[in-house]
Amino acid sequence: MTKTFVIDGKTIPFEDGQTIMQAASAAGVYITHLCHNPQFTPHGSCKLCTVNVNGRNCSACTFPASEGQNVTNISKELNEDREKITQMLFVEGNHFCPSCEKTGNCQLQAVAYHLNMTDNHFPHFFENREVDASHPDVMIDHNRCIFCTLCVRASEQVDGKNVFAISGRGIDKRLVVNSPSGLLKDSALDVSDCAAHICPTGAILIKRTGYSVPIGQRIYDHAHIDAVALASEGEAHDH
Amino acid sequence: MTTKKVKVATVSLAGCFGCHMSFLDLDERLVDLVEHVQFDRSPLTDIEHCSDDCDIGLIEGGVCNSENVHVLREFRKQCKILVAVGACAINGGLPAMRNHISLEDCLNEAYMDGIGVENPQIPSDVELPLLLDKVHPLHEVVKIDYFLPGCPPSADVFWAFLTDLLAGREPALPYELIHFD
Amino acid sequence: MQGKSELMTYFAQQLKVDIGCTRADGLVSLQSTSCTGMCDQGPAGLVNGYALTRLTPSRIDQIVDYVNRDIPLTQWEADLFHVDDNIIKRDLLLNEKPLKGQAISATFARGLRETLAEIELSGLRGRGGAGYTTAWKWTFCSEENATQRYVVCNADEGEPGTFKDRVLLNSYAESVFEGMTIAAAIVGATHGFLYLRGEYLHLLDKLESILAARRAANLLGCNILQKGVDFDIEICLGAGAYICGEESALIESLEGKAGIPRNRPPYPVTQGYLAKPTVVNNVETYVAAANIAIHGGAWFAKLGTAKSKGTKILSISGDCTARGIYEYAFGTTVNTILADCGASDVLGVQVGGPSGVFIANDEFERKIAFEDLATGGSFIIFNNTRSILDIVHNFSHFFAHESCGFCTPCRVGTSLLKKQVDKIVEGHGSAGDIVALEELCQLIKNYSHCGLGQTAANPVLSTLERYPEIYQAMLKKISYEPGFDLDKSLETARRMANRNDAAAHLAQVEN
Ligand SMILES: Cc1cc2nc3c(=O)[nH]c(=O)nc-3n(C[C@H](O)[C@H](O)[C@H](O)COP(=O)(O)O)c2cc1C
Ligand code: SF4
Ligand code: SF4
Ligand code: SF4
Ligand code: FES
């Protein structure tokens, strides 16, 4: 007999070793997430995937599924709090979507749309962060980094390169590039690397491709992130 | 609906008037709207100050100078419902991109040592509003009741929002109308 | 707390260097440090990592003279570095000075399983804060199927107001190491670590020589006391961050990585150091275990309450006449403690450090116990000259500074909380700001990844509950006030336009 647990009243089958996120996506249930990508070891840092498991808040992307769990994924309270966590990400960085090449394809923005977020709620930090345009094909706009570490993991786990790392503490946390100058041009990054394409936001961009798809025809202009994520990631979770 | 028309005031602070233009995109729906709405202080009218019984204030643009602060306060005082309209009102938008640069450098570049500057001097006149160190979104200066995102928000956003309000419903934008670009 | 800023200014004047800067001759730089675990002999400082205690203007003069003459540390007067134990009240544990090897011999004599049973019988719970039953932790670790296991002593002691582990390591180190050795024998570990707080560098040589002597006496190393148990202990210096005291961050740090708490499960007892089962316990927990091994579980359990057996060693600091180390049976009331340490005119007590709870002076009949006032040992007394909001202000800055930044709610939340508390404390708050404050606190508490974030809002929440009127009194009778200084924001423009007329200013609140 397959083991099961319950999310919002729906019975979800799972196999030992699966996280709640993996089992849910495979069963067609979307849980908001940003730092999670089924290709990589989960990180558990953005906290957007927080669900309530038997009365306790847990990160679905790291928490193991187990028999008989009663999970709340969608509730007014959880969604309102997820919205606030998203707003924290917006005020922490500098997100001016109208002038961002990623707009419409950005998962941070799409999660915000999904949560019906219309404002940033908190006071802005307006921290001055750098842009690194030194590399011939790839650029980093640190203003849009949410420290999901997907680029770090991709470079390490797929490209075998270790181009990126996260450094610093608290609100001073920054993405750093492992190169003698600290600049992208002196790193081992190649435009064909997985790490150059994995960023969920507009922090890592491929040069000269920004407007190849016009605004209005981009991924989340018409599709909801839950559907997009389930279509692409649910499959990945099946294996 | 009551016979008394709802008073709406609008203004552009540190914005580009794009939101106002988008509002005008309501086109023929404007005709329906004015049956229920009367415009008070607004670039669309010649009224210079809000009357003290405005119902709705629509504000485009963020707060970049002292005059913006005064106008915003007048709106907050006179309008029952204050709405931040567009990216700049909500997070400072394009003008707030100057927040990366010190105001001193901005002013020097523009009036003192920038390319093509003739007769360099920092404008100084009591009539001129002074710039704030940073551009701030509206909600950091006064309390805001609703936010209409978009750069600009489409005419449909204004329509959905205002028809909800006029009908006495709690305004809620459907997914398709929430855009930050 | 003891005139820190005056002393710092004095230091800067005498050294002729600005705070946070290096002097032009490169000989010296002056920085502000957070808690150094010397709250009983402060004000304290660190020079090249070594603690300087009981700083006064005249001691500062002496230090400045050494620096200016470029005298090496080894030739400075020893008294500058002298750290007192200040043990004021002893009970079960602090009265014991077991013979070297006594606890280990007793363990072997009784049997490992039987000793574990005594530890279970003693009811011993972890002394580092969370209070997990020690015998269970050891049992789970021993039951894991693994080829290698580890025993770690958490001596990071980073909670402001705690210094009892420093004293235990200074005067009871043999018991700490015996406790670790017993744990190792029971769970089957051959390697152990003492993770020593960086600020306790002054203890390092002494601890190393104790370890060497223990090896020589066959109390560590191969085949301990010919009983077939191999175990040795390595000392690692901490990375100097409060978060490294969190057990999984500590393990990361041991592995040479940044101190960031891991996802749990798996817990350290199943996958700890190098993914092997690992027992992490506090210094005091090991001392208690060693003594229980000698005297038996009943000896320990005869003191305390139903859920909290034995005694707790407190580090008492703040406004009282006798700061220092006090050992009390669990269940002792705050009133008793305050009387013993000579505290009068008390406003309240922060029990358990910034992550603990602030109790008001009508709650002093409450007891030190896991079921009432749980504490890792920090007990900071504030008298009526102190202001609640100052205290909260300091603690909220502490957490914003110590957040490791891994998870969103704590990384961004603690900094937002700091801003929000500043806004209210500086008198810029209005009605909605308390609601916003509470909302933010709940968010940080309910969604943060580890204990640091989950408790970072406690100072605000516990004072908001007890002193709502103090917060209310700070609020303007208006609906909204900006969180930044409007008029100050015009300063640059005013200066550059050379203006100072009325229109060149903005009132913070609309008239
Ligand atoms: C932010 C943070 C800091 C901590 N610091 C310490 C510490 O300095 N010393 C300590 O023993 N435990 C500390 N702990 C608790 C440890 O994670 C762990 O629970 C403890 O070392 C277990 O030992 P025990 O069972 O003997 O108490 C800390 C926890 C957190 C969340
Ligand atoms: S990264 Fe995403 S959220 Fe940030 S500015 Fe770009 S589109 Fe907007
Ligand atoms: S650059 Fe992009 S992928 Fe890398 S940590 Fe930042 S947001 Fe994540
Ligand atoms: S709660 Fe704070 S200290 Fe803990 S992991 Fe998150 S950011 Fe780091
Ligand atoms: S998706 Fe789980 S914490 Fe980010």
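Okay, this is a quick walk through the ligand shells and chain contacts in this predicted model.

Bookkeeping: local features need pLDDT of at least 70 and side-chain atom pairs count only at pLDDT 80 or more, while totals for chains, interfaces and linings use all residues. Residues are numbered from 1 along each chain as its sequence is written, and chains are lettered from A and ligands numbered from 1 in the order in which they are written.

Let's start with ligand 1. It has 23 residues around it, and the closest include C:Gly126, C:Asn282 and C:Gly451; "around" means a C-beta atom, placed from the backbone, within 6 Å of the ligand. Strand 10 of chain C gives the largest share of that shell, 3 residues. Helix 16 (451–456) of chain C also supplies at least two. Helices are DSSP runs of H or I with at least four residues, strands are E runs of at least two, and both are numbered from the N terminus.

Now, where does ligand 1 sit? Domain 2 (88–301) and domain 4 (389–473) of chain C both contribute to its shell, so ligand 1 lies between them. Those bounds come from an automatic or database domain assignment.

Ligand 3 has 13 residues around it, with A:Cys145, A:Cys148, A:Cys151, A:Cys199 and A:Ala203 nearest.

On to the chains. The A–C contact takes 21 residues from chain A and 23 from chain C, with C-beta atoms, placed from the backbone, within 7 Å counting as contact. Helix 2 (residues 76–92) of chain A gives the most to chain A's side, 6 residues. For A–B, it's 18 residues from chain A and 22 from chain B.

Technical notes: Two residues are in contact if their C-beta atoms, placed from the backbone, lie within 7 Å.
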